Structures are given as structure tokens and as C-alpha cells.
Amino acid sequence: KQKKKQNSIHLCSVLKLTLFCVLQAPPSMVSTEQRQHAEHVFLSFRKSKSPFAICKHILETSKVDYVLFQAATAIMEAVVREWILLEKTSIESLRAFLLTYVLQRPNLQKYVREQILLAVAVIVKRGSLDKSINCKSILLEVGQLISSLSPTVPPVLYALLTYSLYCSLTHEDGLRQIFMMTMEVLQEFSRRENLNAQMSSVFQRYLALANHVLSWNFLVVLLPLLLFLLLFMLLLALTGGDSLGRHYIAMFEATQNVTLKPTESWREALLDTRVMDLFFTVHRKIREDSDMAQDSLQCLAQLASMHGPVFPDENAQISYLAHLMEGLLSMINGIEIEDSEAVGISNIISNLITMFPRSILTALPSDLFTSFINCLTLLTCSFGRSAALEEVLDKDDMVYMEAYDKLLESWLTLVQDEEHFPRGCFVQPAIQVFNSYIQCHLAAPDGTRNLSVNGISSHDEEEINELQEDDRELFSDQLSSIGMLGRVAADHCIPLLTSLLEDRVTRLHGQLQRTQQHLMASSDLGSVDRKVLDDLYEDIHWLILVSGYLLADDPQGETPLIPSEVMEFSIKHSTEVDINTTLQILGSPGEKASSIPGCNRTDSVIRLLSAVLRTSEVESRATRANLTELLSPQMGKDIVWFLRRWAKTYLLVDEKLYGQISIPLSTAFGADTEGAQWIVGYLLEKVINNLTVWSSEAELAYDTVELLVTLVEKRERANIVVQCESWWNLAKQFASRSPPLHLLSSSVQRTLMKALVLGGFAQMDSDAKQQYWAEVLHPLQQRFLNLINQENFAQISQEEAVKQEIVATLEALCGIAEATQIDNVASLFSFLMDFLSSCIGLMEVYSNTPETINLIIEVFVEVAHKQICYLGETKSMKLYEACLTLLQVYSKNNQSRKRSDATAEEDQYQDLLLIMELLTNLLSKEFIDFSDTDDVFRNQDQGTPASNRTVSAADVVLYGVNIVLPLMSQDLLKFPSLCNQYYKLITFICEIFPEKIPQLPEDLFKSLMFSLELGMTSMSSEISQLCLEALSPLAEQCAKNQEKDSPLFIATRHFLKLVFDMLVLQKHNTEMTVAAGEALYTLVCLHQAEYSELVETLLSSQRDAIIYQRLADAFNKLTASSTPPTMDRKQKVAFLKSLEEFVANVGGLLCVK
Amino acid sequence: MADPDLDFQTGESGASATYPMQCSALRKNGYVVLKGRPCKIVEMSTSKTGKHGHAKVNLVGIDIFTNKKYEDMCPSTHNMDVPSIKRIDYQLVNINENYMSLMSDNGDIREDLRVPDNEVGKEIESKFEAGEEFMVSLVSGSYLNEFSYILYLSAPT
């Protein structure tokens, strides 16, 4: 009776559906409400229970495409939802019905057909999960259908192929069968000769229709494509696993970086050389169609990445690779490469170089390998030139640039493993690639920069904003590869760079002199033609960048070594070198190198550095001649960037780090050499000059001050630096805030302070040291104290000059904190601590000036960030106390502050962000702690016993949270940075101090729990995951305490329900299943009774006996492996495993209305 | 540097209270004269013409008296005028026919300022009527022949 009633309801809705769809046809006649209502009807229709009979009926009778589409969707959704309720036979018949339906109706609308096939595919896919569907039988069925096929009904073939692909995606064995079947089909078709003409006309019609969009319709009409695309899909399927997407483009993109690793069973199929040949053939045929060409090349790239058990032995791999290479070479050599092919071809090459072991590459016939390398060389140079052209034309789609990047990366891979290959086999290619790179980056006549195809040079002055990355970062990958190739061919490349750079510097010098004379005559800067200068600057820019990447690496955190190729090169020629002349060239940057007698017998490595120093000297002299406006700040940046990179590696070269060392290098730059001292002095002068002249160029000033940091951050270098008088002058000048250093931007000032502090830890006799600190740090302290202790400080505090002084002091404090190293933390900490309490006083004074408040908090953040990990117990406590006071004052000042401005920007909440950062930094002590009290603070810490502990990190952090929490409104959580920092912090707290959570004041506890709930339920999945991770430690804490009435215990009970609902009743992100599962498990352990209750309630709400039973079974299965649940890792893992199955089985079922 | 003797209490005008500062040394939230108006800098960015060009600073400022927005761009080496801005905190003693009696820290009383006709003014009045204790901060700047001021409310110190 009930069933009848249901049916009638459905029929009714069907009627409505149809009605609305008919109505929909003329849009003007339908109101928005009607349309919305119709949509609602469809939605509820799709959610209705067991709509199969109705849907079948609709499919058979309705003529409205949209209704058919909806019916197919309803079937698809219902099958998945009710899977475990359905009899296997009825599923089977449903599938058969749908398939036959499609096959019998070749004229269906494309989107309807696709939807029905998708439904079939989903059924197959779902079936393959519990093996209830026999893939083989389906494939057999399809195979029969294919062989009975008439080629005149392309849509049917199309439908079949789509369908079989859907099947194949789910089953590898099926995949292979499809593959073999496809081969047969292809042969079958290729026997019918008369097809071609007909096909090609059909093809053209489709081509026009499809408007260059690759669609399945192509493959039905163009035979080779059939195989090609099928194989393509197969390869994707093979590599991508089970991505069941209708839009294969999406799949294509998702699997682009996946390599092909088929199983042994594919051996016969894929090692058949005809398969690969076919791909090459196919590509030749379709390469002019850019969309399809990309796909066929991607296919080849996949084949080029093939590895794994498919190869029975090395020989098989060798002959496979050889065949691939031959195919590739004959393809490339026979054609003029199209734009759309560049990336694809470079992918093939990159894949085969990356994936095939060196031993296989070297085992190739040497002719073949040589031709391959030659071809790669030519291709690289040619792509490089085309990439340069793309830049000139300012193209949006930089295909050659991408291809060039790929090839350069492949070169890097090859030459890094140079020792495996015949000696010197990469030298000639390296020279060619290097030369062509240089050529593309130099102006005419030496180079081709900015030359468009017809040889006309373009020169435009575009606006460049501060966000644009510097070339040295933007092209760092290219430059690394070129630098590496330059090392391989050091004999050629280093002298080349030197002579080009020396030449440009001489020309620059001349041009500046001429301009100066011109200016003396006219004094109008506007009349200067900058074209010649700019061309020289750009040449020098690239030459310096390449030199920098060639001569040195920039490894993060390690001591960079002189590259072995460079070292060997210098050693190899050291017998021909006159060291004195070399030193003379090095030491006279103001003179033309070629004017020094014997200049041909110099060490080339030193000579290249000298060339950069000459550039630097021309620049410095120009600034002294008041020609700064003519100079290029970009070149200035390049120079200090190079010098910094160079200094890190070469200055005071440590012989112990090298097996053998070049005499010229160690004589010029070794420890205790005049050369090293001279260079340090020279660099220091350069830094000081730059800071004076270029204060208006923030980036250049910053690069300059970074060079200074490099000079002092290593003790050995700092020892020389502090012997220079100019260093002391710099320190005094900065400490007195006298011009022009006070014009520097705040980040530069901060870093300058850092450098000055680092320098203070160099070796000096105690008098000198005392004097140094008296000149550097004490003025800072003195000025600050004088200012804030003035009687009328409160009155004058808002004056601009006073504010500037305060801000400068705070910036300096941040810089001092940044200079912290393990061996200076003791003295820096004491120095900074004295300031911290005064800073807290400033919080009151500047409560109306948010930017100053932020800076004060930032000082604390920096101190905590840099120092807390080294501090012993007493010192940490002092810092905790200071932070606590800061937070208290902050809290007091913020009580009345309104934060309801709807238009507020994220940076107005910088203070909150900083406070959270501070708290997180303090917490980090709990897991990163290098403190060895006795060692670092030997003379100061007289070991306070732990029992005297007054403040702990937890206290400060919880106090801080107490302040932050009430200020964090839901609106604020909409700012991503605040939201992330906030949840990071509270998750940390739950993980690190779960024992503190129950002790929180009620309000705070409540808002913390609310935050967790909010984060779990209504934030991004990342945040949600963080919150879920916080739950387990809380539950474990409860289990430890055994207090059944504590608020935390009650809260965890609530979370049990939340997580339970989340996993069982709601659609959720699958990434979260693990985090949620872990949380659920610990919560279940804690609240077993409540969990059973939840399950009972859920079951009892099921009126359907079958559903009830299946659900009950599922729940039993879920906990079967972990009964009774205990907090045991093994059990937890077992639970998580059954949870996966549970979610797959029951997930959709419970969402039914 | 700021003219320390600028005595705005007399309401005197004509003292060109600006000083020059290199453009690159200006800071966001600081002050600058844009198109002849004293402004608080709300946005600052740099750009350059061509790769080897020199930096130019783009400034956006809000007129501290009229709240009007001004923009300007200049080479970062150039000097810009910075208006002298002064701020004094007063305690509000009384309001008499719309004029405020304000007492400074050193006990001086001034009664020449009207309760401004804006949100701040309303707040001053309502707080005063409620008997709340609060400070009135006077920010003043003079530029060319113009003298003006704005008021802030702040918590008692």
C-alpha cells in the first residue's frame, strides 16, 4: 500500500517535472519563482528513494532532453546511495537497461548520452569496489558489440568507447583487454579501404563543428585517432589510477606529472615496438592541430617515462629506449617544429632523461647517444632563441620559454651525473648552449637581445612596479643550468664572460665620461640619450648574473663550496699563471685590465671577479662625480648581489674543505692574506658608499646591507672587518642617527643594526670590544632612556621627531634580536631584557598609534622567535614574565577599543596577528629547545631551583589566549592569515598543554570549545583538520583524569556527537576521514555508552527493516576489530581501516531524506 | 625638523611649518604635503620606468583637515614637504555655550575652541553629560596661511 502511495507521489512529481520543462522552453514565459520551483522539484526528485522504476519509465516515454538528463542523474545518485540495499541482480539489469538504451538511441542529445553513460560507469565503478560486478563479462559484452558494429553509426561507436573506457578505468585487467581489443578493432577498420574518403569528409564536418576542441567525435571518424586517443586514455588511466572524470582534459592535467609504471602484465602490449611507432605515426598525422598534437606528445612523454616491472631486464630497457630515441630523432629531424609542439617535445626529452638510469643511457649505441645529444643541443639553442623572441613580443603564452626551461633542467640532470658519461662528452654541447644563452641576452651586434624576427630592435620603457621579481629570482632555474653548463665548459665560458664584461665596463666608463661632458655643456639631464647606457646596463646585468651563478652556488644554511669544476679549472692553469700580475689586476679595479702588462697570464677565475670589481668601481666613481642619476640601480643590485654570493664562497677560502686547492685562489683570498684584507676593505667601502648614495633605492640598499651581513656573520670575516676604520665610522654614524643613514628604509636600518651587532662579536681585544659596544649599543640605550625619562615625555611623545626616535629604537631592537646566535645570546638577551620593560611602558603612551604598538609587540615576537630556544629556565621565565606584562597592558588598553569597522582591512588586525605569533613562538620552546643553561649562561645563571618557578609558558600562553579569544570575532576569522594563526595556536595549546585546558576559567573554556566547534564545522578543510587533531589529546586528557562531570568531559561528549554526525551523516571531504576517524576513535573510547546511544538512536530512526539491518551490520563491523575500544595504536589503526569501508558503504545511505 | 616653538594656542598663522624630507624616507601613517595640502600618508608604493630606471614613489594621502584624498608621484630622491603636526592632550573641564574649557597637563586652560560639529563633537558632549572622565586630544598643523585642528577622544592617562 505504501509503495503504491509512493509511486503516485513520484508520478505526480514526474508530471510536474515535464510540465515545468515544457514551460521552460520559452524563457520569457517563465517567472523566476516558477523556475526556482522547478529546480526544487528536480532536486527533491533526485533525492527521492528508489526512483528506479519511475526513472525507467521517464526514460522510455519522455521526449524532453532535460527530463531524461535528470532521470539519469537520479538513477546514478540513487544507485550509489542505496547500493547495499539493492539486489545485485537488479543493479545488473539496471545497468543493462541503460546500456541498451543508449545503444538503441543514436540520436540522443550529447549531454543526455554522456550522463547515462556516466551512470553506467558509476555503477561499474561502485561494483568493482565490492567485486559484485564482473568486469570481464562486461568487456566481453562490449567486445561483441564492437565487432558487430557498423561504421556508419559513429555515435554508437562513440558511446561504446566512452562506456568501455569508463569500465576500463576501474580495472587494470580490463584496461589491458580494452587495449588489445582496440588493436583488433583498428585492424578491422584499416582493412576497409573505402572508408577513408568518406571518413575524411565526415571529419572535416566534425572539425568545423567542434571548433578545434578535441572531442570524442573525432576519433570515430578519423581512424588512426581512434587508437591514438584510446591509448592516450589508457595511459592516463594507467597512470592516474581511478580518476573517473567525464572531462578528460581535467584528467589530463591531473596526471601530467605522473610517470608510467605499468605492471608486468603489460609487457607484451607495451614493449611491442609497433605500439610506439603507431604513436609517432599518429603524431605526424595530426601535429598541425595544436590541441591534438599536445595530447599525442603527452602520450609519447608518458611512454618516455615508462619504468618498473614491465621491463624484464636491462636489455629490454635499452632496446626500448633506443627505439624511442630513434623515433624521436627521426620525428624531430624530419619536421619544422610547430609552436604547439615545443612543450610536448621537451617533456618527452625531460622524461626520458629523468626516468632512465644512467647505465641504460650509456649502454645505448654511441652513435645514437651522440645524435641524441646533438639534437638536444640544437633544440635547446633554438628554443632559447624562440623564447627570447616571445619575450620581445611580450606573448601571454610563453610556450618556448616553458620548453626551454624544461630542456635546461634536463641538461642540469645530465651534467650533474657527468661522471657516468664519457669524459668531456658534454663540453661542446655546453659551449653551444652557453653561447646561445649569452647571445640571446646581449644587445646587437654581439647578441640578439630585443631583436624581433625582422631584425628591428625594440626598446620600450615600461612601468615596473615593486612587486615584480628580480631576474635573478625569476630566472634562477635557467641561470643555475646555464651556470652549471658554464662550469662544464669552464675553459671557454669563464674567459668569455671576463672579456665580454671587461669590454662592457670600458664602454660604460667611456659613455659615462661622454655624457658628463655633454652635461657640462647643456646641463639638461633630459637631453641625455639613455639608450646606449641602458643597453650597456642590460648587458652587464646578464653577464653578472651568469657569472654569479657560474662561480658560486647559494645553498641555504650550509657553507657553500667553490664548485669543483671551477677549482679544477683554476688548478689546471695555475702553472701558466703569473700570480703577481693576477693580484695586480685584482687590486687595481680603477684601471683598465688590458692596460696592465702581462694581463694575459692571469688566473681566469680571479680575473672574472676583477671584472665585476671594475664594474663596481666605475659605478662608485660615477656617484662621486655626481652622475648617480645616470646609473642603473638594477646594475647596482647586481653588483652587490654578485659580491655577496662570491664572498660567501671564496673569501677566506678554507683549505681544509677541499681535496686540492688552487694556489692563485688561496694566495688571493685565503686566510691571513693581503688580498683577503684588501677585498674586505674594498667591499666595506662599497657598502658604505651605496648606503650613502642609494638610500632612495630601497631594494639596492637592502641588497647592500645583506652584503654587509655576509661579511660579518662568519667570525673569520668579521675579524677582518672590525679592523677597518670605516667599519667603526659606519657604526658611529648609525648610532648617532646622523644623515644619510637615517634616510634608509626601516628594513634596511633593522638589518644594518643586525650587522653591527654581529660584528661586535668578532675578535677584538677587550678594550676595543668595550669601546665598540660603547659606540654601538650604548648610544641606543642612552638616547632611549634620556628620551623616555624626560619629565614631559608624555607631552612630547606625540611629536613627530620623538615618534621617529622611538620607532627607530624599536626597529633597532628588532635588528638586535635578529642578530642572535648561540654564542651571543647571553649578552644580547640581557641587553634586550632591559628594554623590554620600558617598551611595555610605551604601550600606554602610544595606545593611540597602532603602528607603534605593533612595532613594540614585534620586538617581543622577534626576541621570543630568536632567543627562546636557547634560554634556560630562569631566563625563559624572565621573558615569560615580560610577555605576560605586555599582554596585560595590551589587554587593558584594548578593552574599550572598538573593532567593528566593517571596512577594516586585514592589516588593522596586525596586533592580534602579532600577539598570536608571539604566543606560538613561546610555545615553540616546548618542542624546539637548545637550551643548555650551564653552557650558554655559565656566568650569569646561578641555577634557580625549579620549585621557584613563578610563570610557565603555559600560563603566559593561556593568559594571551584569554586576551585574544574575546577579540577574535567570527568576522575576524574571515581573514585567512588571522584564522590560520589562530587555529594553529589553539591546536598547539591543546596538543602541548591538554592538562591546562580543564583549569581554564569558565568563559575562556567555553569560547575555546566554541572555537574548536566552529573551526570543525564551518571553516576550510585545513582548519577543520587542525581542530580535529586537537580533539584526541583532549579526549586522552579526560581519560587520564577520570572526572566524569568536568566541563571538558562534557565537552568531549558533545564533540563525539559532532564528529559522529560529520562522518556518518554529512558529506565530508575524504582527506578529513583520517583526522576525523582518529578523533572519533579516541572519543568513542572515552564515551562508549554515549556512542552506543548515538548508534541506537540512529538505528531506531530507520523505519525500513532492511536499512536497519544493513546499518546495524555496518556499525558492528566498524567496531568489530576494536571491542572494547581502548586507546591502543593497533586497535586505532584497525578502526580507521574499517571506517573507510564504513564510510563508503553507509555514507550516502544516511543522507537519504 | 619640527619647529618646536610653533605656538598654535595663539592661533597665529603664516608660519610655514614644514620641513623637507627625502621622498623615500617617508613612511606610511606619516605626514606629507600633497598638492599643497597637509596629508596623512595612507598608501605608499614604488615603481620605476624601465628596468634600469630609478625608483619613483607613489603616494596616497588623506588631507588631515578635510579628509579629501590626494595622490602624487615623485622620484624617490626628491625632497617632499612634511607638515609639522602637533598633538596635545587636554582634560575637558567644562562646556560653555558650545565652547570647551580644556586643561593641559601643566594646568593651562584654554577656552577658544568650539565643540566640533561632527561625530567627535557629539561624543564629547554625551560623555561630558554622562560625567565620564576622558581626554581630548588636539592635533593641529598649520600650513601656509591656514590653521586648523582636529580632535580625538582618548582614554584618561
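Colleague: In which sense do strand E2 and strand E3 of chain B pair, and over how many bridges?

Modeller: Strand E2 (residues 31-34) of chain B and E3(B) pair in the antiparallel sense over 4 bridges. Two strands pair if DSSP finds at least two bridges between them; helices (H or I, at least four residues) and strands (E, at least two) are DSSP runs, numbered from the N terminus. Please note that this is a predicted model, in which local features need pLDDT of at least 70 and side-chain atom pairs count only at pLDDT 80 or more, while totals for chains, interfaces and linings use all residues. Residues are numbered from 1 along each chain as its sequence is written, chains are lettered from A and ligands numbered from 1 in the order in which they are written, and side-chain values use heavy atoms, with hydrogens and water left out.

Colleague: What do E2(B) and E3(B) form, and how many residues are between them?

Modeller: They form a hairpin with 2 residues between them, and B:Lys35 in the turn has a positive phi of about 50 degrees. Across this pair, B:Val33 stands opposite B:Pro38.

Colleague: Which other strands pair with E3(B)?

Modeller: In chain B, E3(B) pairs with strand E4 (residues 55-63) in the antiparallel sense over 9 bridges, with B:Glu43 opposite B:Val60. E3(B) and E4(B) form a hairpin as well, with 5 residues between them, and B:Gly50 in its turn has a positive phi of about 80 degrees. From chain A, strand E1 (residues 463-465) pairs with E3(B) (residues 37-49) in the antiparallel sense over 3 bridges; there A:Ile464 stands opposite B:Lys48.

Colleague: How many helices and strands are there in chain B?

Modeller: Chain B has 1 helix and 11 strands. Of its 157 residues, 44% are buried, where buried means under 20% relative accessible area, exposed over 50%, and partly exposed in between (1.4 Å probe, protein chains only).

Colleague: How is the packing of two helices described?

Modeller: Two packed helices are described by the angle between their axes and the distance between the axes. Axes are lines fitted to C-alpha atoms, for helices over the stretch in contact, and angles run from 0 to 180 degrees between N-to-C directions. Here the axes of helix H49 (residues 1047-1064) and helix H51 (residues 1088-1100), both of chain A, come within 10 Å and cross at roughly 40 degrees. H49(A) is therefore oblique to H51(A); angles under 35 degrees count as roughly parallel, over 145 as roughly antiparallel, 65 to 115 as roughly perpendicular and the rest as oblique. Among the residues that meet are A:Leu1056 and A:Phe1060 in H49(A), and A:Tyr1091 and A:Leu1094 in H51(A); contact means heavy atoms within 4.5 Å.

Colleague: Which residues does a cis peptide bond join?

Modeller: The cis bond joins A:Ala444 and A:Pro445, with omega about 10 degrees. A:Pro445 lies in the loop between helix H22 (427-441) and E1 of chain A.
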